[in-house]
Amino acid sequence: MIRSFDWRDFPSLHRNRNDGIWLDTSLALTRWMGLVPAGALLATFAPATGIFTYVTDSEDANGDQIVGQFFLSPGRSNARLTFISPEELVESPAVFRLLDYLAARAGDRGALNLLAEVNERSAAYEVLRLAGYAIYARQRVWDLSQSKKISNLFWRQVKEKDEYHVHYLYNSLVPALVQQTEPPPWENMSGLIFEHEGEVLGYVHLSYGPKGILAQPIVHPDTDHAEELLASIFAAVPNVRSRPVYLCVRSHQAWLTPFLEDMDLEAGPHQAVMVKRLVVSLKEPARQAKKAGIENVQPETSTYSIVEENGKSETQSPSRPIESLL
């Protein structure tokens, strides 16, 4: 049985708060780890927080409780897995049931995708693959706080007038698969701009939290200043206030990696950025139109919810909620 987290589960979750698998890198690096149990408890009284936490009862995990959580920001179409705990039970059959349940509940609340970031060499990676998650990008995180501060001669804070240029840079360098899955940076544009001879050749999106700051760069390869750009990011980030600054480099920006290696920075593990599609577009053949002699009719595209049960995919009308998998 899988049920919603309630206050009686708080002691167990608190004990295992440091023994879970973090599946949202930005949250793990920028927010206090205590957000997980605190957020789970708060959400039981205030569902509008967008934090949804579920647990398996003891019979689902041979006497141990497994907790899973996802976050869905109001008005967004992507939900994010935040953690599964404890790590030692990640390969338990109960985890697969819990993951399917989380996907169903995210779909009920209007999410189109459920995202997760995981170490490619971990058992959790294999579990997510078997649970229907697919890789749409790869990434690695570097600790910029270890870099030697140099004067910021390149970056400036982004302004409203830069939005068009960020659009162009993003659409030019970010693969379509990523663009189709994640919201573009201008939905919450906050960061740094590198401009050379009137052309924007770099943008760094910044995510702030009490624990740290995560920077994600998009740099055009047609620049002669890559090494200096990377080395000066730390000095350019505003309002650091003694917090560490991390640089998350996606696979489509992997050409930056040799420069970071030359800076002798500490790097995290290689991560897979994964998605489980909760809806799919189905094209209906216009057979009736052809029978009527109407030519050049475009197929009608409809969106259907996807439910996976016992390894089989089923479709549902968008007007019906995703039913419970258990």
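Reader: How much space lies in the second largest pocket?

Author: A pocket here is an open set of points on a 1 Å grid over the protein atoms alone, with protein on both sides within 12 Å along at least five of seven lines, where a 1.4 Å probe fits. A volume is the space filled by probe spheres set on the points, joined across faces, edges and corners. For the second largest pocket that gives about 520 Å³.

Reader: Which residues are closest to its centre?

Author: Lining residues have an atom within 4 Å of a point, and the second largest pocket has 27 of them. This is a predicted model, where local features need pLDDT of at least 70, side-chain atom pairs count only at pLDDT 80 or more, and totals for chains, interfaces and linings use all residues. Residues are numbered from 1 along each chain as its sequence is written, and side-chain values use heavy atoms, leaving out hydrogens and water. Closest to the centre are Trp 22, Thr 25, Ala 28, Pro 269 and Gln 271.

Reader: Is Leu 265 buried or exposed?

Author: Leu 265 touches Leu 144 and Leu 260, among others, a contact being heavy atoms within 4.5 Å. Buried means under 20% relative accessible area, exposed over 50%, and partly exposed in between, with a 1.4 Å probe and protein chains only. Because its relative accessibility is 9%, Leu 265 counts as buried.

Reader: And how far apart are the C-alpha atoms of Lys 211 and Thr 30?

Author: Lys 211 is partly exposed, because its relative accessibility is 34%. Lys 211 and Thr 30 are 181 residues apart in sequence, yet their C-alpha separation in space is 4.6 Å.

Methods. Lists of a residue's contacts leave out its neighbours within four places in sequence.
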